[in-house]
Amino acid sequence: MSAHQAEGPSGGQAGRLIDLVVARLLVTDDVAAAKFGAGSPVDDPVREREVLDQVRARARDAGVDPDVAVAFFRDQISASKEVQRGLLAHWAAHPAEAPTTRPDLGAIRERLDELTAGLLHELAAALELRARCAARPARVAPAVRARARGLDALHRRAVDAATRSVTA
Ligand SMILES: C=C(O[C@@H]1C=C(C(=O)O)C=C[C@H]1O)C(=O)O
């Protein structure tokens with residue numbers, strides 16, 4: 001089987017990476033709910049530093065250049081903040097749709113940390129495939145579109161932003 005065929009009709013390798021990108025963005029909805037309830041700001045530079053330090057420390061073992069991994073996660077963080085801002089603005093304008101419970105941010109961050117290992121692993125696999133297969137970028141975009149189909153515009157834009165380094 002060639003590298004192209006290994007990707008399969010539903011995006012295969014790229015699809016697994018995109019699925020995790022989407023999963024991280026959906027956990028972000030809970031982050032927004034936690035911050036809405038607590039009145040906390042979207043931006044938390046200390047936590048961002050922790051996430052990026054963790055990524056840099058784990059990247060080489062996962063088989064990704066640490067700078068590439070950090071750049072990819074900067075996009076995940078920025079996409080996450082866009083989703084949070086969009087949700088908080090929506091809830092402010094439509095209080096009836098705002099969350100009525102306040103999830104625990106600490107527990108949510110543990111879920112984000114658990115996703116980090118998988119994202120690094122799939123990023124490594126996707127980049128390796130790209131190195132072996134010149135047509136790869138054209139194959140990632142359909143996988144992104146397929147995964148984004150069930151999402152609203154806010155989350156679709158975030159998926160696009162979070163995957164720009166692997167679709168470009
Ligand atoms: C997700 C959060 O919100 C923002 C986005 C982060 C991320 O995507 O990892 C980290 C810190 C915050 O600036 C959070 O506070 O945990």
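Reader: How do the residues of the shell around the ligand divide into nonpolar, polar and charged?

Author: Ala, Val, Leu, Ile, Met, Phe, Trp, Tyr, Cys and Pro count as nonpolar, Asp, Glu, Lys and Arg as charged, and the others, Gly among them, as polar. Here the shell holds four nonpolar, three polar and six charged residues. This is a predicted model, where local features need pLDDT of at least 70, side-chain atom pairs count only at pLDDT 80 or more, and totals for chains, interfaces and linings use all residues. Numbering runs from 1 along each chain as its sequence is written.

Reader: Which helix gives the largest share of that shell?

Author: Helices are DSSP runs (H or I, at least four residues), numbered from the N terminus. H4 gives the largest share, four residues.

Reader: At what angle do H2 and H7 pack?

Author: Two packed helices are described by the angle between their axes and the distance between the axes. Axes are lines fitted to C-alpha atoms, for helices over the stretch in contact, and angles run from 0 to 180 degrees between N-to-C directions. For H2 and H7 (residues 153–162), the angle is about 130 degrees and the axes are 10 Å apart.

Reader: Is Leu 17 buried or exposed?

Author: A residue is buried if 20 or more other C-beta atoms, placed from the backbone, lie within 10 Å of its own, exposed if 12 or fewer, and partly exposed in between. Leu 17 has 27 other C-beta atoms within 10 Å, so Leu 17 is buried. Leu 17 lies in helix H2, and the C-alpha atoms of Leu 17 and Ala 124, 107 residues apart along the chain, are separated by 9.5 Å.

Note on methods: Helices (H or I, at least four residues) and strands (E, at least two) are DSSP runs, numbered from the N terminus.
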